Amino acid sequence: MSEPLLVLDDVSVSYGQIRAVRGLSMTVHPGEIVTLVGANGAGKTTTLRAVSRLVPIASGRILFRGRDLTRVPAHEVVRLGVCHVPEGRGVFANLTVRENLLLATYSRRDRDRINQDLDRVFSIFPRLAERQHQPGGTLSGGEQQMLAVGRAIMTGGELMLLDEPSMGLAPILVEEIFRILTEINRQGTTLLLVEQNARMALQIAHRAYVLEAGEVAVSGPAEDLLDHPRVREAYLGG
Amino acid sequence: MLGGPDSGKGRWRAPLLAAVGFVLAWAVPRYQLISPYYELILMYIGINIMLTVSLNLVNGYMGEFAVGHAGFMAVGAYVASVLTVRAFSWELGPYLFPLALLAAGAGAGLVALLVAVPSFRTRGDYLAIVTLALNMIVKSVIENIEAVGGPRGFLGMNRLTTLPWVYVWVVITLWTIRNLVYSIYGRGVLAVREDEVAAELVGVNTRHVKVQAFIMSAFFAGVAGGLYAHLLQFIHPRNFDIIKSTEILVMVYLGGIGSLMGSVLGASIFTVLLEALRFLGVWRMVLAPLLLVLLMVLRPTGIMGLREFRGFVPADELARWRRLAPAPAGPARGGGSGAAGN
């Protein structure tokens with residue numbers, strides 16, 4: 001197998017007295033879709049926030065392309081190639097769609113590639129092209145999710161962290177978002193996906209980790225987990 | 001919008017207008033076109049525009065809440081005054097005045113740096129408390145330095161502040177802050193206001209952005225303080241207390257956050273109002289807080305509120321708006337966005 005893109009080695013994260021993630025180890029290889037599934041409070045979001053350095057790591061190491069991220073500030077992690085689509089999308093409501101997208105190139109210097117990426121985002125999300133001069137806050141929930149994903153593409157990152165991209169969306173939009181995520185992955189971006197909608201996530205993912213109380217309970221190829229009795233019972237409704 | 005140079009037909013309009021304005025600002029005192037009293041008020045308006053626009057950068061564009069702007073003004077006023085009175089010789093004073101003003105801005109900026117580094121580690125309301133405290137500390141420190149007159153105030157400055165000087169500094173302030181907010185760096189300032197976590201996630205070093213914008217804001221407040229001191233020719237720690245800071249806040253919110261034109265209007269209207277109501281005596285001081293309360297209740301967005309006068313928007317940005325929205329009637333949306341009045 002190829003060199004892993006992302007390695008979490010015995011990572012623990014605490015919020016005050018509460019240990020949200022305990023001794024988590026996992027790997028993501030280039031080109032994969034890896035999903036983290038689990039109940040509320042299992043530590044999925046915290047794991048993503050640890051990777052993009054939004055929360056301090058209590059112990060353990062996070063390696064991205066072999067480089068230790070433990071002491072890298074969040075805005076630098078973006079530059080290294082990790083983009084994070086946060087829970088609740090984090091769209092800049094008073095800035096236009098286009099400004100939202102261009103802001104993601106804040107630390108990029110490769111101007112010609114930026115225009116290519118903008119075209120790419122507009123071809124993946126024609127709706128964003130139509131609404132590019134509208135303030136981000138006026139978009140519907142689904143469009144805002146598209147904008148958040150588009151913005152992540154614009155950072156030029158090769159690893160995209162997605163936190164509950166299906167949250168609050170109508171079922172038809174959820175299908176649409178997942179179809180697009182598969183497409184983005186096919187174009188070469190590695191995805192680490194956190195989802196409550198375990199069935200959908202397991203259907204598009206290559207591998208999966210099931211988290212329980214901040215620890216990996218089960219892991220393996222996604223299709224195997226779809227049939228795993230424990231996973232079926234807990235997350236897929238029997 | 002990515003910091004490109006202005007282009008297109010509107011390119012020469014703003015510099016031309018600025019030049020015409022300068023000639024006027026020069027001619028008014030030279031040929032005594034208006035009474036000295038009105039000239040004085042014009043200069044107050046200019047100084048207040050500088051204070052308002054600079055505070056708007058932090059409170060409006062960046063969405064933080066700083067409440068002690070008069071503290072920076074005080075630092076600038078005293079730095080400039082001590083320089084012109086004590087350090088510079090009498091004859092050279094007028095020529096070194098710009099230097100004194102730059103030093104005033106630098107002094108205020110330095111104080112801002114000292115405050116910003118610890119207070120931007122945390123977010124939100126802390127800045128309000130810290131700047132409030134700073135305002136009080138600056139005032140008390142000056143009151144206790146005998147060398148600058150302590151509580152008796154400081155005098156001996158020549159009246160070096162003239163209408164052309166005020167005009168030039170107002171233009172520099174507006175130009176600098178306009179260029180900042182429409183640059184890619186300035187978009188980072190807006191991103192901090194919109195969503196700090198998301199800003200960090202698209203690569204904005206939010207802490208640096210906040211500290212730098214805060215220092216720039218303090219710089220212009222310091223210069224404004226220097227101009228103020230050499231207009232009044234007598235400064236007093238009480239000139240720079242919380243009430244003064246409140247007045248600047250009122251001007252910002254009256255005009256509207258995130259709008260240069262808003263700040264120009266807010267400062268002008270408030271200054272004229274304060275003069276016109278001079279007959280009210282002490283009761284005039286009730287005006288600022290009262291206006292602030294009324295404003296928050298009746299029109300929280302102020303006169304302009306995130307919209308911008310088209311003349312203050314860089315030409316290439318405007319050109320981009322025109323392509324999509326054919327001739328919008330109202331003032332364009334600014335302080336954040338390119339979508340013209342639609």
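**Exercise 1. Find which way helix α2(B) crosses helix α9(B), and say what makes the contact.**

Step 1. Take the handedness. α2(B) passes α9(B) in a left-handed crossing (left-handed if the near helix is turned anticlockwise from the far one by less than a right angle, right-handed if clockwise). Helices here are DSSP runs of H or I, at least four residues, and strands are runs of E, at least two, numbered from the N terminus.

This is a predicted model: local features need pLDDT of at least 70, side-chain atom pairs count only at pLDDT 80 or more, and totals for chains, interfaces and linings use all residues. Residues are numbered from 1 along each chain as its sequence is written, while chains are lettered from A and ligands numbered from 1 in the order in which they are written.

Step 2. Take the angle. The axes of α2 (residues 36-61) and α9 (residues 206-232) of chain B come within 8 Å and cross at roughly 165°. Axes are lines fitted to C-alpha atoms, for helices over the stretch in contact, and angles run from 0 to 180 degrees between N-to-C directions.

Step 3. Classify. α2(B) and α9(B) are therefore roughly antiparallel to each other (under 35 degrees is roughly parallel, over 145 roughly antiparallel, 65 to 115 roughly perpendicular, the rest oblique).

Step 4. List the contact. α2(B) contributes residues including Met43(B), Ile47(B) and Leu51(B). Among those of α9(B) are Phe214(B), Phe220(B) and Tyr228(B). Contact means C-beta atoms, placed from the backbone, within 7 Å.

Step 5. Sort the residues. They divide into 17 nonpolar, two polar and no charged. Ala, Val, Leu, Ile, Met, Phe, Trp, Tyr, Cys and Pro count as nonpolar, Asp, Glu, Lys and Arg as charged, and the others, Gly among them, as polar.

**Exercise 2. Describe the side of chain B that touches chain A.**

Step 1. Count. The contact takes 23 residues from chain B and 25 residues from chain A.

Step 2. Locate. α7 (184-194) and α8 (196-201) of chain B each give two or more residues to this side. The largest share, six residues, comes from α7(B).

Step 3. Sort. The side of chain B divides into 13 nonpolar, six polar and four charged residues.

**Exercise 3. Work out the strand order of the six-stranded sheet in chain A.**

Step 1. Read the order. The open sheet runs β6-β7-β8-β3-β9-β10, with mixed pairing. Two strands pair if DSSP finds at least two bridges between them.

Step 2. Find the edges. β6 (82-85) and β10 (215-221) of chain A each pair on one side only. The twist averages 15° from one strand to the next.

Step 3. Check one pair. Five bridges join β7 (residues 159-163) to β8 (residues 190-195) of chain A, and these strands run parallel. Met160(A) has Leu191(A) as its bridge partner in β8(A).

**Exercise 4. Trace the four-stranded sheet in chain A.**

Step 1. Read the order. It is β2-β1-β4-β5, open and antiparallel.

Step 2. Explain the edges. β2 and β5 (67-68) of chain A each have a single partner strand, so one side of each is left without a neighbour in the sheet.

Step 3. Follow the pairs. Seven bridges join β1 (residues 6-15) to β2 (residues 18-28) of chain A. Val11(A) stands opposite Leu24(A) in β2(A). β1(A) pairs with β4 (residues 59-64) of chain A over five bridges. There, Leu8(A) stands opposite Ile62(A). β4(A) and β5(A) pair over two bridges.

Step 4. Look at the hairpin. β1(A) and β2(A) have two residues between them, and Gly16(A) takes a positive phi near 60°.

Definitions and conventions: Two residues are in contact if their C-beta atoms, placed from the backbone, lie within 7 Å.
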